[in-house]
Amino acid sequence: MTRHPVQQGERAGANHKMDLVFGPVPSRRLGKSLGIDPISLKTCNWNCVYCQLGRTVPLVNERREYVPREKILAEVRQALTAHAPGEIDWVTFVGSGEPTLHIGLGRLIRQVKAMTDLPVAVITNGSQLYLPQVRQELSAADAVLPTLDASNAQLYRKINRPWPRLTFERLLDGLTAFRQVYHGQLWIEVMLVKGLNDTEDALRGIAAALQRIEPDQVHINLPIRPPAEPWVQPPDETGLMRATAILGDIAQVVHPARGIFDLSGHNTLVDAIVSIITRHPMREDELVRALERWTPGQVEEALQALIASGQAQRVECHGARFWSAAVSHHP
Ligand code: SF4
């Protein structure tokens, strides 16, 4: 992605701090994606072993207005005004947890679509799609990216550790029912964890479920950022080959996107760092690159200050150093 010179904090709108809208961030699936986070860290009804936001403490399954809708819309408006055509490919609801827990999500999607011609995506765990209301709300999006990591109830509980009443049957029924009414792009995400769902049995079960759901695409993801549980590993080469072979022609492996994280909506270095690591723990070298309008010395100083004030933490994972929000529960 080429960097536009006015991205360096010179735009209209760059004077106002943005808490709920971030990026655009580079995404393999969605290009330059302007993120909207409608909930607070970490609000989720799953506690996935691989979650890059750390453990879910406590599990939450209540739909409510975690953040006022008007505040979200004001920030979206500001971000859309601040970016020239071509600087954003998708507007994406992706939360510090599960975005469908925001009770106003359906209206938010429709209101954002009324503001822009850009396509709107929702990244969700899909656990609430068994509810007709949630299916109807998500139908307004151009793409919905739910998760399916398991082939049976036992594996689902092991990997995703859901809110007790969110059964595997409900997940599968919800995904299937949604496909029947949804005319947009349904892209299912499968996160592969070594030894859990990269076995032949698990993959054949997932393939059978995918056949029933009939998504437009299947994206195979790998846990490459610090996971909630330190023992989580991505599959080895053989596991990955097995997955692509068994999941069939529509499955593709999503490699991490390379590109520039646009942090120009933030006035201070500290705001820019907190905004990005809250939703997206960053490898240290990626973070330094994204903050290139500040000197490495200034970045180092800000990171030390964030550690001292309890806003950030350093996490070692797969031999690399990452930065994440301090409230993330990484054991
Ligand atoms: S990966 Fe997504 S669904 Fe799983 S615990 Fe994290 S935020 Fe929730």
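How many helices and strands does the protein chain have? The protein chain has 10 helices and 11 strands, where helices (H or I, at least four residues) and strands (E, at least two) are DSSP runs numbered from the N terminus. Everything shown here is a predicted model, in which local features need pLDDT of at least 70 and side-chain atom pairs count only at pLDDT 80 or more, while totals for chains, interfaces and linings use all residues. Residues are numbered from 1 along each chain as its sequence is written, and side-chain values use heavy atoms, with hydrogens and water left out.

**View 1. The protein chain as a whole.** Of the 331 residues in the protein chain, 56% are buried. Here buried means under 20% relative accessible area, exposed means over 50%, and partly exposed is in between (1.4 Å probe, protein chains only). The chain exposes about 14000 Å², and carbon and sulfur atoms supply 51% of that area; accessible areas come from the Shrake-Rupley method with a 1.4 Å probe, and for residues only the protein chains shown count as cover. Among contacts (heavy atoms within 4.5 Å) between residues at least 6 apart in sequence, 76% join residues at least 24 apart.

**View 2. The shell around the ligand.** Start at the ligand and look for Lys42, Cys44, Trp46, Asn47, Cys48, Tyr50, Cys51, Thr56, Gly97 and Asn125, which surround it. A residue is near a molecule or strand if one of its heavy atoms lies within 4 Å of it. The shell divides into five nonpolar residues, four polar and one charged. In this grouping, Ala, Val, Leu, Ile, Met, Phe, Trp, Tyr, Cys and Pro count as nonpolar, Asp, Glu, Lys and Arg as charged, and the others, Gly among them, as polar.

View 3. Side chains of opposite charge can pair when their charged atoms come close. A salt bridge is counted where a side-chain nitrogen of Lys or Arg is within 4 Å of a carboxyl oxygen of Asp or Glu, and by this rule there are 11 salt bridges. In the one shown here, the closest N and O atoms of Arg63 and Glu137 are 2.8 Å apart. This pair links distant parts of the chain: Arg63 is in the loop between strand E2 (31-36) and helix H1 (69-82), Glu137 is in helix H3 (residues 132-138), and 74 residues separate them. Arg63 and Glu137 are both buried.

View 4. Arg212 and Asp173 form a salt bridge, with their closest N and O atoms 2.9 Å apart. The two belong to distant parts of the chain, Arg212 to helix H6 (residues 200-213) and Asp173 to helix H5 (residues 168-181), 39 residues apart. Arg212 is partly exposed because its relative accessibility is 42%, and Asp173 is partly exposed at 37%. A second salt bridge joins the side chains of Asp216 and Arg179 (2.9 Å, N to O). Asp216 lies in the loop between H6 and strand E7 (217-221) and Arg179 in helix H5, so this pair ties together parts that are 37 residues apart in sequence. Asp216 is partly exposed, with a relative accessible area of 31%, whereas Arg179 is buried at 14%.

**View 5. A network of three charged residues.** Here you can follow salt bridges that link Asp19, Lys71 and Glu75 in a network.

View 6. Strand E1 (residues 21-27) is mostly covered, with seven of its seven residues buried. E1 and E2 run antiparallel and are joined by five bridges; two strands pair if DSSP finds at least two bridges between them. To find your bearings, look for Val21, whose bridge partner in E2 is Ile36.

**View 7. Strand E6 and its two parallel partners.** Six of the seven residues of strand E6 (residues 185-191) are buried, so E6 is largely enclosed by the rest of the structure. Strand E5 (residues 143-145) pairs with E6 in the parallel sense over two bridges, and Ala143 stands opposite Gln185 in E6. E6 also pairs with E7 in the parallel sense, over five bridges. On that side, Trp187 has Gln217 in E7 as its bridge partner.

**View 8. Ile206 and its surroundings.** Ile206 sits in helix H6 and is buried, with a relative accessible area of 0%. Leaving aside residues up to four places away in sequence, Ile206 touches Leu148, Asp149, Ala150, Ser151, Val190, Asn197 and Leu247. Ile206 and Leu148 are 58 residues apart along the chain, and their C-alpha atoms are separated by 7.6 Å.
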